[in-house]
Amino acid sequence: MRRALLACLALAPLAACGEADMADQARAKTWDRNPFFPREITMRQPVAGTVPRSDPARAAPQPQTISRALLDQGRERYGVFCTPCHGQDGRGAGMIVARGFPHAGDLTAGPVRAASASELYDAISNGRKAMFGMAQMIPSADRWAIVAYVRALQLSQDAPVASLPAEDRARLEATP
């Protein structure tokens, strides 16, 4: 009996705690007035030697030239971020579509071909229709590389065989 009473007394303070919720804790926001600090604001100068975190959403300038390295980077990034929805050929039938998600946009369709590079960059950054924005996941330079790769992908789809160089036509014709 005595042990049960001691156990109840030991657990009684826990009953008063309620539900722990980090959203309800006391905290100061960046621009709040705070008399604890000398200038009476919460925002502090970074500690000397602190290395800033790069912001992937920060815009980078559009590349002026398209290089092989940029296309290779774009292909690799497209494979990671875009292929699950848009598929390897860009027609919008990626693996998640095969698993029941809505058909993604066809990147080889006329309206997307007619869009400017900055419009494609904006769609990757901020999303479009059912697509969510990827600015926080894909650094700006990689988004430009993806735009360059999408342009190359568009050119490769439904290209007339006659427009291919002779050696590529011969290799295509030799394929069983």
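Predicted model: local features only at pLDDT ≥ 70, side-chain atom pairs only at ≥ 80, totals over all residues.
Biologist: Which residues with a positive phi follow α6 and α7?

Modeller: After α6 comes G127, with a positive phi near 85°, while α7 is followed by D158, whose positive phi is near 60°.

Biologist: How do I read the length of α7, and what span is expected for it?

Modeller: Helix α7 covers residues 140-156, which is 17 residues, and reaches 25 Å from its first C-alpha to its last, close to the 24 Å expected at 1.5 Å a residue.

Biologist: Is α7 largely enclosed or largely open?

Modeller: Of the 17 residues of α7, 12 are buried, so the helix is largely enclosed by the rest of the structure. Among these buried residues are W144, I146, V147, Y149 and L153, and also the charged pair D142 and R143. What covers the buried residues of α7 includes α2 (68-81), α5 (110-114) and α6 (117-126).

Biologist: What do the buried residues of α6 pack against in turn?

Modeller: In α6, the buried residues are A117, L120, Y121, A123, I124 and S125, and they pack against α5, β1 (127-128), β2 (131-132) and α7.

Biologist: How is the packing of two helices described, and what is the case for α2 and α7?

Modeller: Two packed helices are described by the angle between their axes and the distance between the axes. For α2 and α7 the angle is about 95°, with the axes 7 Å apart, and the two helices are therefore roughly perpendicular to each other. On the α2 side the contact is made by L70, L71, Q73, G74, R75, R77 and Y78, and on the α7 side by A141, D142, A145, I146, A148, Y149, V150, A152 and L153. These contact residues divide into 11 nonpolar, two polar and three charged.

Biologist: Where does R91 lie, and which residues is it in contact with beyond its sequence neighbours?

Modeller: R91 lies in the loop between α3 (83-86) and α4, and with a relative accessible area of 27% R91 is partly exposed. Leaving aside neighbours within four places in sequence, R91 is in contact with H86, H103, A104, G105, D106, T108, Q157 and D158. For one of these, D106, the separation from R91 is 15 residues in sequence and 4.2 Å in space, C-alpha to C-alpha.

Biologist: Is P102 buried or exposed?

Modeller: P102, in the loop between α4 (95-98) and α5, counts as exposed at 62% relative accessibility. P102 and G92 are 10 residues apart in sequence and 9.3 Å apart in space, C-alpha to C-alpha.

Biologist: Which residues does the UniProt domain annotation cover?

Modeller: The unreviewed UniProt entry carries the annotation "domain: Cytochrome c" over residues 69-154. In the model, that span is 59% helix and 5% strand, and its end C-alpha atoms lie 18 Å apart.

Definitions and conventions. Residues numbered from 1 in each chain as written. Heavy atoms only, no water. Helix = DSSP H or I, 4+ residues; strand = E, 2+ residues; numbered from the N terminus. Expected span 1.5 Å × (residues − 1). Buried < 20%, exposed > 50% of the residue type's maximum accessible area, 1.4 Å probe, protein only. Contact = heavy atoms within 4.5 Å. Axes fitted to C-alpha atoms, helices over the stretch in contact; angles between N-to-C directions. Parallel < 35°, antiparallel > 145°, perpendicular 65-115°, else oblique. UniProt positions renumbered as here; feature names shortened; annotations may be inferred.
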